[in-house]
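Here's a quick tour of a protein model, starting with its pockets and ending with a sheet. Have a look at it first.

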Amino acid sequence: MTAVAEQGTYGFPGDEVVGSLARPSVDEVGQLDAWWRACNYLTIGQIYLQGNPLLREPLAPEHIKPRLLGHWGTSPGLSFVYAHLSRLIATTGQEAVYLAGPGHGGPALVAAGYLEGTYSEIYPGVSQDEGGMLRLFRQFSSPGGIPSHVSVTTPGSIHEGGELGYVLVHAFGAVMDNPDLLAVAVVGDGEAETGPLEGSWKGVSFLNPARDGAVLPILHLNGAKISGPTVLARKDPAEVRALLEGHGYDVLEVEGDDLPGMHERFASTLAHAWGRIHGIQHEARQGDWDGTRPRWPLIVLRTPKGWTGPAEVDGTRVTGTWRSHQVPLSGVRDNPEHLALLQRWLGSYRPEELFGPDGAPVTLVRGLAPEGDLRLSATPHANGGLLTRDLDLPDFRDYRVDVTQPATLRAESTRRLGEMLRDIYTRNPDRFRLFCPDETNSNRLGAVFEVSDRAFMERLTPDDVAIGRDGRVMEVLSEHSCHGWLEGYTLTGRHGMFATYEAFAMVSASQTVQHGKWLEEAKHLPWRAKVPSLNVLLTSTAWRNDHNGFSHQGPGLIQTVLTQRGDVSRVYLPPDANCLLSVADHCLRSRSYINLIVIDKQPQLQWLDIEEAVAHCTRGVGIWDWAGTDDGTTDPDVVLACAGDVVTMETVAAAQLLRERLPGLRVRVVNVVDLMTLPRPKDHPHGMSTTLFKELFTDTVDVVFAFHGYPGAIHQLVHGRPDADRFHVRGFIEEGTTTTPFDMTVRNRASRFHLVIDAINNARRLPSGATDLKAWCEDKLAEHSRYVVEHLEDLPEVRDWSLAR
Ligand SMILES: Cc1ncc(C[n+]2csc(CCOP(=O)(O)OP(=O)(O)O)c2C)c(N)n1
């Protein structure tokens, strides 16, 4: 249903602008259409041409790129929306970001940035003249050029859209605590079939119209994916409408391919949507809002896929079908008919009206764009580092656990972090949020609720606790949404943390990878300012999911992050609360990294006082003299290394057993907090020098390494270090069930008894008594197995183990 915007009906001062926006004059339609034609021309030029950019002579095979790479089908729809949004911004001064869900329509967004002049400002070689246009064409999808998607190189983008499904979560994250921002998000109808996108419509249930900006989703039903129909395009429109209305949207529909009718109807609908958004915001911000979730507008746009492209190729329908998805004319170089079709197709946009004799866009075309930073390709919101303000952080030492002696005190480490996050919320009411799928309390971070509720715009009941309209803690049971919201939030310059059960971080692992790629590429672009890091806290970890069956153990995200490039990947395994505080402080100050922090939430032994923790975390790795028997004068007989809280406890306990039962063995204990100290400096910037590596691990002594994650990760990290084969790694080997905490370590062969046996098996010198100690350990393991089955808990000597005397 096309909405007709009526003056005076939106309830905010000056709402008559909606009426004039809704009824573009003939000249305005002409300008919209000219801009759109120019954008389409440049889109096709990027896909096909390596010469003759302005068609000054008839197209010849040598003008055509040898490899035709790119996506046409979605592009005209994307640029159609872009044109109309630009007009709206130029008229109203609205701050906006544009997110193209089907990011494979990259040439359209690149062309738009070029028409707006931003492209040439950032990349002066791609100037607004014939030579620049040719460079624009030649660089696209070419070696040494730019990728085919709305990538990091595309000005105005915070969303690549390569991996489909995240456009709405990015949009919602971008507008949180950003009251003046409108995020217009085009959702592909294929994209709408993805799980993450399907879950992300719910963003409106968390958006506060008084404090947050607005998202305008535009569901682009162009009917097809790569080679088949889309579900929503083939559904009865009434069902689509009911679906979206069910999520709480006010659904507006525009359909067709007639021109100028489509311009007129879309302008009217967009104006109406904008009017509604402003009306909602005005009401909420004047204090008249009764707290009911608004019905935010959403546009369903039905246009043919490949709109304005060749209707038929070789007697087969192309426009309006899946065949227009990529390159509708594939044989242009060798097939004269295709070449002629391309000539006609490009000519149909009348480039001579759009570009002057020098190749620059004519005034009519240029005039559509808003001024300066309001241009969608120039908005600082899409280069969020420009807007980033440091967090006002409290002194993390204020949340310390007072440790007077290692391993004598148990505490829930994440609870201390929760207290710190609480105060970060208070100090930064406009630029910090915690994102968590329903587990803030479970993860012991609940102190944040002392100062902020969870955001929630749906109905509230008297049983609800810490939930409200004004809340800024983000809980939705979707790792995809939490992750994506945080990405949108940080890419627009604000700070946050995503806290999740370790195993279920794998749900959004692909987003971690994609975001890492974005950050990696951004580092090569001087014009992209650094953004706050993506901080991911993995808690409720594999080793302490003894109560949750064999589903809640999955430390795979560590492996995922450490395979990313060293300029973004950081993995920290703080062994206790004070180390966690130091690491968290560091991560929250950092920029443009993916910081993975792994620590369990259960009560755990505390090892270091706060200053020792700071020193240890600053180095990232160190010898724990007090835990070993190595006096440092000669190499030890064996090194026990550990990374991760539970395995650190097993390691220190194993060292104690060796100290007491095999005192002649020289054992060194090394704890690793920053996993990225292990690789060589040439493999990661945190990699420790060979000298330090040898000081810690020697270059010949065997190392029994107890690791929180999958053992292969350590082998990967120490590759290339002196005699890497001497690292014997124990870690999570996919054993687990509902059992006791210590039984998890036993099943994964990483218990203190296993580590003692490993140490004896690999020590380069064995004092007498070693064989007996091994046998004793085997007996202990057998005793453990009998005991847990009979008593349903761990042996008291293990359960209550500490170094307290
Ligand atoms: C998660 C994901 N799965 C698969 C693909 C491969 N892919 C690229 S484009 C496309 C079809 C997209 O269809 P739609 O969202 O409707 O976009 P449009 O039709 O506008 O091109 C697919 C499946 C992808 N990019 N991301």
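## The second largest pocket

Six nonpolar, nine polar and seven charged residues make up the lining of the second largest pocket (Ala, Val, Leu, Ile, Met, Phe, Trp, Tyr, Cys and Pro count as nonpolar, Asp, Glu, Lys and Arg as charged, and the others, Gly among them, as polar). Helix α17 (509-522) hands over the largest share, seven residues. Nearest the centre are V152, E160, Q514, K517 and W518.

A pocket here is an open set of points on a 1 Å grid over the protein atoms alone, where a 1.4 Å probe fits, with protein on both sides within 12 Å along at least five of seven lines; lining residues have an atom within 4 Å of a point.

## How the model was read

This is a predicted model: local features need pLDDT of at least 70, side-chain atom pairs pLDDT 80 or more, while totals for chains, interfaces and linings use all residues. Residues are numbered from 1 along each chain as its sequence is written, and side-chain values use heavy atoms, leaving out hydrogens and water.

## An open sheet

Five strands line up as β18-β20-β19-β21-β22, with mixed pairing (strands are DSSP runs of E, at least two residues, numbered from the N terminus; helices are H or I, at least four; two strands pair if DSSP finds at least two bridges between them). β18 and β22 each have a single partner strand, so one side of each is left without a neighbour in the sheet.
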